[in-house]
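User: I have a structure open here and would like to go through it piece by piece. Can you take some questions?
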Amino acid sequence: MNNGNFDELLLAAEKPSRYIGAEVNAVHKDKAEVRFLLAFPDTYEVGMSHLGLQILYSILNEIPYVAAERCFAPWPDREKQLRDGKIPLTSLESLTPLADFDVVGFSLQYELSYTNILNMLDLGGIPLARTERKEGHPLITAGGPCCFNPAPLVDFIDAFVIGEGEEVVEEITAMIREGKKKYLSRNNLIEQLAKIPGIYVPAVHGKNQVIKKRSIADLNLWAHPKKPVVPLMQTIHDRITLEIARGCTRGCRFCQAGMLWRPYRERNTSLLMEMAEKTLQATGHEEISLLSLSSGDYSCLEPLVINLMNKYHSQRVAVALPSLRVESLTAALMEEIKRTRKTSFTLAPEAGTDKMRLIINKGNTSEDLLSTVDKIFAAGWKSIKLYFMLGLPHEEQADMEGIVHLGYEALRAAKNRGQITISLSTFVPKPHTPFQWQRQISLEETHAKQDFIRQRIKNRNINVKWHDAKMSFLEGIFSRGDERIGALLETAFRKGCRFDGWSEILRFDLWQETIAESGINPEDFMREREIDERLPWDNIDCGVSRDFLLEEKQKSADQTATADCRLNDCQNCGVCDFSTIKNIFAAKEKNKTVVSSKPIPDSTTVSEKKYRLTFSKLDRAGFLSHLELSAALVRALRRSSIALAYTIGYHPHPKISFATATSVGMESRQEYLDIAAPEYLSDLDLLKGEINAALPLGIEILEIRMLSPDEKTIAETLQGFEFELHLPADIDSSRLSVIEENIEKFLAASTYSIQKSSKGKTVTKDIRPFIQNMLLDAAGKKVKFTVNYTPTGSARPTDIIAHVLKSNACESRQIRVVKTKTILAPILN
Ligand code: SF4
């Protein structure tokens, strides 16, 4: 595992598994004509939860001449390590520095990640300013919803992909391949990029040339991701995401995504079932999330959910519908969803009164909401989150009171069956929406509105949460800003701003300082815009016409609704060409009843068989925490043909138990895991190979054996461990002599008390009785020792390193800890 100081530093990182790669389904290509880095300007756990990244990774790596790799923003502790050690930021797969790729493509999902883009470029050895990049520097591209106002980032990004990326990434890589063959200069490549429809290149197009967004016509032609990468750490959305539809034509006037991603395109149910089968098999995940902007709108939702539940319920796979609209939640759907886990319920009334919901064209009423709340609690859920926005256009005091009133009414509808959470965010009038000309409320107004709601909700069964007003303020500036934002971003980055969307890291004081020094008045960006004024994003055409947006603006003032074109006539928004680009609905397929492909008998009705697995955890897998290791093993078992036995209840877990937890950074050549299965496992060697093929790099099953019915549990038979401490390669002979002396003194002592801090207290512990033997090997490379494990205690390798070897912090970090054996009591016949 010791490849230079990379791994040694990872030992000291807060969450090493963010940086180790080595995941199942990660693609490693040795040779490629085009090397494409997908860069996500947020943490690994956020980026790996984003479906778009997995889709592009899948599409790009399917192209034989392309190698796509990933990189995420390093957390501040890791950034410090990289800067202190002058180590460049690299990809996860091949540890290649960012500067060595042909193209670095940033995913712009939210504005508060902008300073992380600058930080990643800087750490990757790439000049921030596009005008300062030279021959050999990668092309820096960006895609995602924030590109619909590229102005704030035009100083840094060479090319923006406007719209959906599936087809465009193929065209970009083909162009780069050709360009490289012809030895085109970097500037020539950028000029070629500008010729691809849907790509905005500031150096070529300037401010005025209008770029029209790209859309894929039919989602059924793009069944990606085929084999999603399975994160080793717990991510925000740790599940399979099936995109059932793209786009939304409901026409909520505040919703940027609803305008940007029109028209509405559904995937066929049969293809979704096929994708579910393949991705579950490829990942071993336990939850499928059905994703779209409004999943209740999917025209075949009930048959799809019923088929998924029929097929996967017995494998303990839950189905989640994260973006259901209030009125689309039918009793039949709820019955299906609650067959496995009761996933959390969030409803988005957005506003407190029917009048306000007419203004924003939300299309539902308080009555709809309350009857849904009743249904949800009746079905057994215990809590509901209601999501509201503050500062919507035409909002009056009565609308604020409406939020409070609706909160109490929802609680009444809950009839003491659970809790209500009211979640408040500040409305940001986003580009390309009918509200793009409206003003955004100030920080002070947001605070006053939050206080108003908080002071009026005094019931402990209603929980009020609110989004940080400072972040909404910054989001407003960035999303509505012009080219002047670039200088602000660079100054704030140089002052130390990073992760502006993370409340524990946001340095709003530095932002205030930056804005004050710049002389820019933030109100320039927050203010109401004149109808005939040029907007910073007017050079981007998302397909929805300006006339439609203006008409919608007027209709909001008149409190007039606009119908959904999925179910009514076309409302002339301008997006469709009605030949290739149009609303597409799932084919009405014959509803076949699907049965489980791998039924698991109910563990209450069968007598379980127990098996003991011996496995190793080496190399980068050594950085996994016990929870991460456990999840990786369970997923590999789920991907194999084993039917595991599960606990019963709403959160069923596979019945597994480990000998002990291995700590982060410790490798092990021999660990044990007991599993229960409802049926006999036949060819154990074959099974071993099957599981190993499904495990991440570094984890390997060495043996599987069946336990006899009266055999003791693993915890009952555990007696101790053998360890090796691999000393630093450059350790000098005088230090080795000291270590040898320290070991001799330790072995000669009858007691050896050390002081440790535990739960804020200092405790004294005698570790001598737990150590049987210890020696420095003849080559002076390893210290070997055996530790007794007793129900009352044991000693840890870190105790030996710090107190017996007396290593300082620097030496400790360089010592590789390997458990070579787990000692179990012999089986008595
Ligand atoms: S052009 Fe008409 S049918 Fe197409 S998304 Fe717009 S309103 Fe709907």
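**Strands, helices and single residues**

User: Which strand does β1 pair with in the parallel sense over 4 bridges?

Analyst: Strand β1 (residues 34-40) pairs in the parallel sense with strand β3 (residues 103-107) over 4 bridges. Two strands pair if DSSP finds at least two bridges between them. Helices (H or I, at least four residues) and strands (E, at least two) are DSSP runs, numbered from the N terminus. This is a predicted model: local features need pLDDT of at least 70, side-chain atom pairs count only at pLDDT 80 or more, and totals for chains, interfaces and linings use all residues. Residues are numbered from 1 along each chain as its sequence is written, and side-chain values use heavy atoms, with hydrogens and water left out.

User: What stands opposite Leu38?

Analyst: Gly105 in β3.

User: And which helix packs on the sheet, touching β4, β5 and β6?

Analyst: That is helix α7 (residues 186-193), which touches β4 (139-143), β5 (159-161) and β6. The direction of α7 makes about 25 degrees with that of β4. Contact means heavy atoms within 4.5 Å. Axes are lines fitted to C-alpha atoms, for helices over the stretch in contact, and angles run from 0 to 180 degrees between N-to-C directions.

User: What is the strand order in the open sheet?

Analyst: The order is β2-β1-β3-β4-β5-β6, 6 strands with mixed pairing. β2 (66-72) and β6 (199-200) are the edge strands, each pairing on one side only.

User: Which helix lies across β1 and β2?

Analyst: Helix α3 (residues 51-62), running at about 155 degrees to β2.

User: Changing topic: is Glu45 buried or exposed?

Analyst: Glu45 is buried, with a relative accessible area of 5%. Buried means under 20% relative accessible area, exposed over 50%, partly exposed in between (1.4 Å probe, protein chains only). Glu45 belongs to helix α2 (residues 44-47).

User: What does the side chain of Glu45 make a polar contact with?

Analyst: The side chain of Arg18, at 2.6 Å. A polar contact is a pair of N or O atoms within 3.5 Å; within protein, one must be able to donate a hydrogen and the other to accept it, and residues adjacent in sequence count only if both atoms are side-chain atoms. Leaving out residues up to four places away in sequence, Glu45 touches Lys15, Arg18, Met233, Gln234, Thr235 and Ile236.

User: Now β15. Why is it largely enclosed by the rest of the structure?

Analyst: Strand β15 (residues 419-426) is largely enclosed because 7 of its 8 residues are buried. Strand β14 (residues 383-390) pairs with β15 in the parallel sense over 8 bridges. Ile384 has Ile420 as its bridge partner in β15, and Met389 stands opposite Ser425.

User: Which strand do 4 bridges join to β14?

Analyst: Strand β13 (residues 345-350), and the two run parallel. Glu350 stands opposite Phe388 in β14.

User: What surrounds the ligand?

Analyst: Thr249, Arg262, Cys565, Cys570, Gln571, Asn572, Cys573, Gly574, Val575, Cys576, Phe578 and Asn583. A residue counts as near a molecule or strand if one of its heavy atoms lies within 4 Å of it. The shell divides into 6 nonpolar, 5 polar and 1 charged. Ala, Val, Leu, Ile, Met, Phe, Trp, Tyr, Cys and Pro count as nonpolar, Asp, Glu, Lys and Arg as charged, and the others, Gly among them, as polar.

User: Is Phe578 buried or exposed?

Analyst: Exposed, at 55% relative accessibility. Phe578 sits in the loop between α21 (546-557) and β18 (609-617). Its phi is near 60 degrees, a positive value in a residue other than glycine.

User: What about the phi of His432?

Analyst: Near 70 degrees, also positive in a residue other than glycine. His432 lies in the loop between β15 and α16 (443-456) and is buried, with a relative accessible area of 6%.

User: What joins Arg262 and Pro263?

Analyst: A cis peptide bond, with omega about -5 degrees. Pro263 is in the loop between α9 (256-260) and β10 (265-266). The bond from His224 to Pro225 is cis too, with omega near 0 degrees.

User: Last one: what does the side chain of Thr822 reach at 2.5 Å?

Analyst: The backbone oxygen of Gln670. Thr822 is in strand β27 (residues 816-824) and counts as buried, at 2% relative accessibility.
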